[in-house]
Amino acid sequence: MPLCVDLHTHSTASDGTDSPKELIDNAHKAGLRAVAITDHDTLSGLQEGQKAAASYDNFDFVRGVEISTGSSQGDMHILGLWVPEDAEPLEKVLAEMRVKRTSRNERMVELIAAAGVSITMDDVMKEANGDSVGRPHIARAIVTKGYAKDLNDAFARYVGAGCATYIAKEVLRPEEAVALLAKIGASPVLAHPMLKPYPPGWIEEFVKKLVPFGLCGIEAWHSEHTDEDTQAVLAIARRYHLCVSGGSDYHGKNKPHIALGTGYGSLCVQADAYERLLDWRKDHHLPC
């Protein structure tokens with residue numbers, strides 16, 4: 001069996017259920033060559049993950065982040081891989097985003113409570129272990145209080161886009177996120193570009209627009225990508241001379257059918273793709 005890596009995972013620092021240490025321990029047990037923790041809009045789990053990974057031989061830890069951005073087609077996420085330990089410009093922007101997210105969470109909880117669901121921000125905070133709090137935690141509070149049968153039900157009825165109690169979050173423009181990551185020496189990668197249906201040619205134009213800002217790669221392998229999706233992304237990457245990345249988008253019990261490294265069971269981001277990402281950094285004189 002080929003060595004695999006997982007460059008897209010989430011811990012309790014955002015909306016996963018494994019602590020950073022647990023995630024690293026589980027990744028090592030799964031036989032992965034490398035893992036990146038890429039929590040939503042926060043770096044707070046990276047120190048713990050890095051410390052846990054240091055106890056294992058022949059196992060790489062990649063400091064990462066997943067930044068929320070907006071586009072004409074809705075949310076688009078940008079991964080930053082190899083985020084440096086000194087990332088003050090990024091930390092400042094992420095802190096500002098979390099402040100805006102807190103305000104949005106409070107307004108959504110007020111709307112949900114007005115709709116007859118008796119939850120408070122205290123209930124939401126009990127579901128969160130990190131400093132990046134969002135809709136999954138509101139959804140878990142709704143389930144815990146007995147107003148929805150599971151997370152999917154809570155999203156469908158209360159916190160999903162299109163619900164009467166949904167409020168869109170304020171996010172960066174994709175160009176801003178890519179440029180910021182590139183400026184601090186991280187590798188910007190477009191996450192799961194085939195997660196939703198887009199107008200024909202839209203994704204390629206979106207990628208083309210980000211390349212001048214420092215885009216390093218595009219995520220070809222993802223738990224929600226079909227083989228056809230992967231081949232389409234690989235073709236775009238070739239046309240724009242980009243690296244390809246991939247990962248499970250693991251969230252622990254919040255996405256119980258997605259396993260570290262293997263997604264729904266057949267995913268394997270092979271180590272040679274990881275090595276090409278490392279080569280890109282070496283070619284750009286960036287630390288690995």
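Mentor: Let's start with a definition: rings of Phe, Tyr and Trp (its six-membered ring) pair if their centres lie within 6.5 Å, with planes under 30 degrees apart counting as stacked, over 60 as edge-to-face and the rest as tilted. The structure holds four aromatic pairs. This is a predicted model, where local features need pLDDT of at least 70, side-chain atom pairs count only at pLDDT 80 or more, and totals for chains, interfaces and linings use all residues. Residues are numbered from 1 along each chain as its sequence is written, and side-chain values use heavy atoms, with hydrogens and water left out.

Trainee: Why is the pair of Y56 and F59 called edge-to-face?

Mentor: The ring centres of Y56 and F59 are 6.0 Å apart and their planes stand at 75°, so the pair is edge-to-face.

Trainee: What makes F59 count as buried?

Mentor: Buried means under 20% relative accessible area, exposed over 50%, and partly exposed in between (1.4 Å probe, protein chains only). F59 has 7% relative accessibility, so F59 counts as buried. Y56, at 22%, is partly exposed.

Trainee: Why is the pair of W82 and Y274 stacked?

Mentor: Their planes are at 20° and their centres 5.9 Å apart, so W82 and Y274 are a stacked pair.

Trainee: And how do you know that W82 is buried?

Mentor: The relative accessible area of W82 is 8%, so W82 is buried. Y274 is at 2% relative accessibility and therefore counts as buried.

Trainee: Which residues form one aromatic cluster?

Mentor: That cluster is formed by Y198, W202 and F206.
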